[in-house]
Amino acid sequence: MTVQSIAGPRFSWRGPSNGWRQREGRGPTLALALFILVFSLIPVGRLIVAAFEGGFGAFWQVLDAPDVWRATRNTLVVAFGSGGLALLIGVVFALILSVTTLRARTALAFIMVMSLMIAPQISALAFKTLAGPASPLLKLVGIAPAPGTPNPMLGEFGIILVMGLHHAPLVAITLASGLASIPRPLIEAARLDGASPWQVVNRIMLPLLRPFLLSAALLAFVAGTGNFGIPALLGLPVGYVTLPTLLFRKLASFGPATIGDAAAISVLIALIAGTGVIAASLLLARSASRLETDHRIEPFWELGRWRPAVEAGVWGFIALTVLLPLASLLATSLVPAYGVRLSPSSLTLAQYVEVLFRQDLTVRAFRNSMLLAGGAALSLAVITLVSAHVLDRAKPKVKAFAFALIELPYAVPGIVLAIACILLFIKPLPLIGVSIYATPWIILFAYHARFFAIALKPVMAAMATLDDAVQEAAVCDGARLGQRLRHIVLPLVFPAVFAGMLMVFLLAFNELTVSALLWSAGTETLGVALLSLEDSGLGAEAAAVAVTATLLVLVLMLAMQMLARRLPPNALPWQALAGPDRERRG
């Protein structure tokens, strides 16, 4: 999933006041430049240098190996396959929510986005527990496969299916931004001219949405290229290896001795993903300048007597692809051992007691994830407040370029960022002679780099709504920059800052792709613990960890929903997908 840069009209300071504003902005501007240098340019630059240290010949020698070619083929297959499935589901879902008179759109969008916010490894584990012969739900209704039957979710088919479903909300969110930019008068004119709803969608909307459709397809492809959690749980057990899991296996087996080879493979992944990111960004930038309007479309397709059937179909799909796998995960966590039939006599909370209070690995993982995710969220709140203040005053092209650099560590696959951090910190830092390799600090650094753009987006949107006259009056009273940020700007944009903090915490708490390579003994995160439990055959305990993490995701998303009225429009992804303003009018 990629974060789009924010652009829009802003007030500019005029007259003599412009001078003090520019002078006072030097300190924050230098701070922003330092953040971009440390979190974006240095890690990526170090990775590129390491990949080509021996020249292009050595770089190609690493890539021209049978296991790399096989992993590349598998990566492209699952990326294209899951991307196509995600595109189909995401387009249909976005159109149904946007153009039809479907009820409960906010609830549907919320659940759809929640399936994206849940960690990929949790989604993979949920489908794995649902479809196999040990499935407690299938045993409950008497349709479980015979013992010893291969789990259909393991291997290429399962990876494509689960990854496609997991990335479908990303497609829907991308397409929702395009749907919101189609001029409402254009739709109304077509309807007055006698066009049917299907003709409006087919002949007017879809041609206008073509750049967004292509962009959504590219983003789904990029997300599939860099996904680690789903291939790790559904591919590694049967020897199906993609480029991210190949990196993991090489470093897990041979350690830092293979770091040069890992750097070369990481650059290959980054090249594949980066091509898609750049193409998607160019498409979105071109389409945004062409279609942007204040008159957003409203639902115009009256379902009439077909509405119950359509609603039943949509809710049935959500139940089958989101709620049922989560229910299977819950059922697996409530039996005494993996594969035991669920019944009143076998129902137990022993697995939750074990993972939350007794088992050292999981207790430590919960604590580490809380501290690392919380620390990243809190410090990024301060960093984004200063950064948004600087970017809010920048020229549009400068703002777009700076945000692209900030977004770089999030746009590249997480496992590539992890390799970059290892290369950067495996030796003691210059001048101070201290290394943070194999410590929690390297994970915290990686979280700052990866989630900087996520925390910044809502704050930039809120900052763009502020009236400069408020700060100008404070300056006339002698208030300095720090005082204005603390006493004027922060109270006004705090809901957006808080929403960014929650989003960072939510993503970092369940994160696996980065920490899978950066953890060491004592610094295990929740994603690492879940992968370790599942790999050790402790499926019920892994399910208990996954259910607990999913409940936390739900709570945090509900907390952000409570802030929705105090946030800029579409600051929350399910807001943009559901169109809450239109739903209230209906």
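**Entry 1: a surface patch**

I started at valine 38, which is found in helix H2, residues 26-51. I'm working from a predicted model here. I then checked its surroundings and found a nonpolar patch on the surface made of Leu34, Leu37, Val38, Leu41 and Ile42. Together they have about 380 Å² of accessible area.

**Entry 2: salt bridges**

How many salt bridges are in the whole structure? My search gave eight. I went through some of them by hand.

Glutamate 311 pairs with arginine 103, with their closest N and O atoms 2.7 Å apart. Glutamate 311 sits in helix H15 (residues 307-333), while arginine 103 is in the loop between helix H4 (66-99) and helix H5 (105-117), so I logged this as a link between distant parts of the chain, 208 residues apart. Glutamate 311 counts as buried at 11% relative accessibility, whereas arginine 103 is partly exposed at 44%.

Next I looked up glutamate 534 and lysine 128, whose side chains meet in a salt bridge at 2.6 Å, N to O. Glutamate 534 is in helix H24 and lysine 128 in helix H6 (residues 120-131), so this pair ties together parts 406 residues apart in sequence. Both ends came up buried: glutamate 534 has a relative accessible area of 14%, and lysine 128 is at 11%.

Then came glutamate 524 with arginine 364, the closest N and O atoms being 2.9 Å apart. Glutamate 524 is in the loop between H23 and H24, and arginine 364 is in helix H17 (residues 360-393), 160 residues apart. Glutamate 524 is buried at 7% relative accessible area; arginine 364 is partly exposed at 23%. I also noted that Arg184, Glu188 and Glu298 are joined into one network by salt bridges that share partners.

**Entry 3: the second largest pocket**

I looked up the second largest pocket and got about 590 Å³ of space. It is lined by 26 residues, and the closest to its centre are Phe248, Ala252, Ala516, Trp519 and Leu531. Which elements give two or more residues to this lining? They are helix H12 (229-234), helix H13 (243-254), helix H23 (515-518) and helix H24 (526-535). H24 gives the largest share, five residues. I sorted the lining by type and wrote down 18 nonpolar, four polar and four charged residues.

Technical notes
Residues are numbered from 1 along each chain as its sequence is written. This is a predicted model: local features need pLDDT of at least 70, side-chain atom pairs count only at pLDDT 80 or more; totals for chains, interfaces and linings use all residues. Side-chain values use heavy atoms; hydrogens and water are left out. On a 1 Å grid over the protein atoms alone, a cavity is a set of points where a 1.4 Å probe fits but cannot get out, and a pocket is an open set with protein on both sides within 12 Å along at least five of seven lines; lining residues have an atom within 4 Å of a point. Grid points are joined across faces, edges and corners, and a volume is the space filled by probe spheres set on the points. Helices (H or I, at least four residues) and strands (E, at least two) are DSSP runs, numbered from the N terminus. Ala, Val, Leu, Ile, Met, Phe, Trp, Tyr, Cys and Pro count as nonpolar, Asp, Glu, Lys and Arg as charged, and the others, Gly among them, as polar. Patches are made of residues with over 30% relative accessible area and no salt bridge: like charges are joined within 9 Å, nonpolar side chains (Val, Leu, Ile, Met, Phe, Trp, Tyr) within 5 Å. Accessible areas come from the Shrake-Rupley method with a 1.4 Å probe; for residues, only the protein chains shown count as cover. A salt bridge is a side-chain nitrogen of Lys or Arg within 4 Å of a carboxyl oxygen of Asp or Glu. Buried means under 20% relative accessible area, exposed over 50%, partly exposed in between (1.4 Å probe, protein chains only).
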